[in-house]
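Subject: Structure handover and findings

Dear colleague,

I am passing the structure below on to you, together with an account of what was found in it. Please read the account with the model open beside you.

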Amino acid sequence: MAPVLDPKSVAGGVAPRTALLINPFYPKDAHASFGKHVLTPTLALTSFAAATPASWKVEYWDENLLHGRPPFDPMPEVVGITVHLTFAKRAYELARWYRLRGSKVILGGLHILSCPDEAAPHADALAIGDGVQLWPRILSDVEDGSLQSVYRVMYEDEYREDPAPRRDLVRRRSFLTTTSLIATRGCHNRCGFCFLSTAGLRMPYKVRDVSQIVAEFARDKQPYAVFIDNNLGSRPEYLRALCKGIRPLEKIWSAAVTLDVTDDPSIIREMALAGCTGVFIGFESLSDSNLASARKRTPRTDDYARRIRILRDHGIQVNGSFVLGFDGDRRDVFAATAEWIEENRLECATFHILTPYPGTPLFRQMESEGRLLHKDWSRYDTAHVVFRPNHMTPEELAQGYGWIYQRLFSHASIWRRRPEEWQAVAPYLAMSYLYKRSNRFWRLLIKHNLVHAVWHPLVEWTRRRHLKFRAKLSMQDEPALRRTPGIVVSAGV
């Protein structure tokens, strides 16, 4: 439950040139892992903090860390709140509370881009588009008493010019790692259901200098980093250069990529040598027709297994993401997907109910066909059915979603999907049980700032094992590696 905003609370006066940046609370899906929410901090607000003028004092607050309501005494002059459709209601509640007590409230985020008319009454100003560019301008206008109601700029600047995020504002003990990195912006895909296809969003694919990313990774002094790029592999040669830059750090990392990164196995080798231990891949569906209708450019589904083996043969585990409820899906999709995942021994899997985000082609299609069940944005979280499926009822889709999570993270399925190499079984089981079957435990870890302390030994053990694996891998040429794939399975994390 979100922290209570006491309507009777009376704060002191407004402190000039102080800014508070808030990531609002949002409910968690009981089927999924609570742990994924504290894997690494988001970069949006800490990047805005880095763009704050030196004459301003800035503070960051994440309600999802269960430390209570955001601070209010003294009242900040400016409150910036990021808004996603699933927690828009909470964002508006926060905005109203602070505005009534004298703060200027700025709302930004993707939901503001897609639904500005809905958000406008709740804010003193809307930041539509790239907040890093807009934030200093907004604060300057607050100082001058000339705050505008809407600020708008798209993501067309040189990405390398953005400042590094203010990681010093983040509670290190509350996250597995505070080293969340972003090297690229955008994606070469524009899937019809993805937020990147939102009408009015212009986000050309841009990259930061490799030297910037290496410096950030080294400076945060964490053994593990998570790249939060939409698709780190959109430009293979950039990914290759990035891997060469990261390799001397002797750290480990994971990233989201599309499966076509395996077109060139030599790049997968570079990723492994640079410390990549896991990738998040949106397989989305095991049906080629579903993928075509979603405008997803991806290898054929009958080639998925071979490409997974390329990654695994380089010590890289796969977290596969699947969308349920495409128009081609029938009631057998749940069992068929679960069996395929077990057959191919995916170390981890994530499931999403097809969700038509406002402003996307999928939303426009569903709305024109009269298939939307409602517009309660809090349930547009990929864990609830918000439309009428084509070949099943909404209830059957919801039940199937719950069933497949229970099936894949049952004791039996976890054991079926264990790595073939016995040396990798123990860390795999530790990850599976701690990450996916410990939600009550996660709540205690999050509330008492123990996430980093509990996870760090496993991360460091993984890093040391992977260093040994890299030493073996670096001594082999590609033909030799292909002849002895078993060696790399032992590096499973």
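A salt bridge here is a side-chain nitrogen of Lys or Arg within 4 Å of a carboxyl oxygen of Asp or Glu, and please keep in mind throughout that the model is a predicted one. By this rule, Arg309 and Glu420 form a salt bridge, with their closest N and O atoms 3.4 Å apart. Because Arg309 belongs to helix α10 (residues 304–312) while Glu420 sits in the loop between α14 (411–416) and α15 (425–436), the pair ties together parts that are 111 residues apart in sequence. Of the two partners, Arg309 counts as partly exposed at 29% relative accessibility, whereas Glu420, at 52%, counts as exposed.

The count for the structure comes to 31 salt bridges, and a few others deserve a description. Lys244 and Glu270 meet through their side chains at 3.1 Å, N to O; this pair also links distant parts of the chain, with Lys244 in helix α7 (residues 236–246) and Glu270 in helix α8 (residues 265–273), 26 residues apart. Lys244 is partly exposed at 48% relative accessibility, while Glu270 is buried, its relative accessible area being 14%.

A salt bridge within one helix is the one between Glu460 and Arg464, at 3.0 Å from N to O; these residues are separated by about one helical turn, because they lie four residues apart in helix α17 (residues 451–474). Glu460 counts as buried, at 16% relative accessibility.

Turning to the cysteines, a search of the whole structure finds zero disulfides. The closest cysteine sulfur to that of Cys243 belongs to Cys276 and is 7.3 Å away, which is too far for a bond. Cys348 is likewise in no disulfide, the nearest cysteine sulfur, again that of Cys276, being 15 Å away. Both residues count as buried, Cys243 at 1% relative accessibility and Cys348 at 7%.

As for open space, the second largest pocket holds about 340 Å³. Its lining is made up of 14 residues, and those nearest its centre are Met1, Phe25, Lys28, Leu66 and Arg443; by class, the lining has seven nonpolar, three polar and four charged residues.

Finally, Asp144 is placed in helix α5 (residues 131–144) and counts as exposed, at 57% relative accessibility. Its C-alpha atom is separated by 45 Å from that of His384, a residue 240 positions away along the chain.

Definitions and conventions. Residues are numbered from 1 along each chain as its sequence is written. This is a predicted model: local features need pLDDT of at least 70, side-chain atom pairs count only at pLDDT 80 or more; totals for chains, interfaces and linings use all residues. Side-chain values use heavy atoms; hydrogens and water are left out. A disulfide is a pair of cysteine sulfur atoms within 2.5 Å. Buried means under 20% relative accessible area, exposed over 50%, partly exposed in between (1.4 Å probe, protein chains only). On a 1 Å grid over the protein atoms alone, a cavity is a set of points where a 1.4 Å probe fits but cannot get out, and a pocket is an open set with protein on both sides within 12 Å along at least five of seven lines; lining residues have an atom within 4 Å of a point. Grid points are joined across faces, edges and corners, and a volume is the space filled by probe spheres set on the points. Ala, Val, Leu, Ile, Met, Phe, Trp, Tyr, Cys and Pro count as nonpolar, Asp, Glu, Lys and Arg as charged, and the others, Gly among them, as polar. Helices (H or I, at least four residues) and strands (E, at least two) are DSSP runs, numbered from the N terminus.
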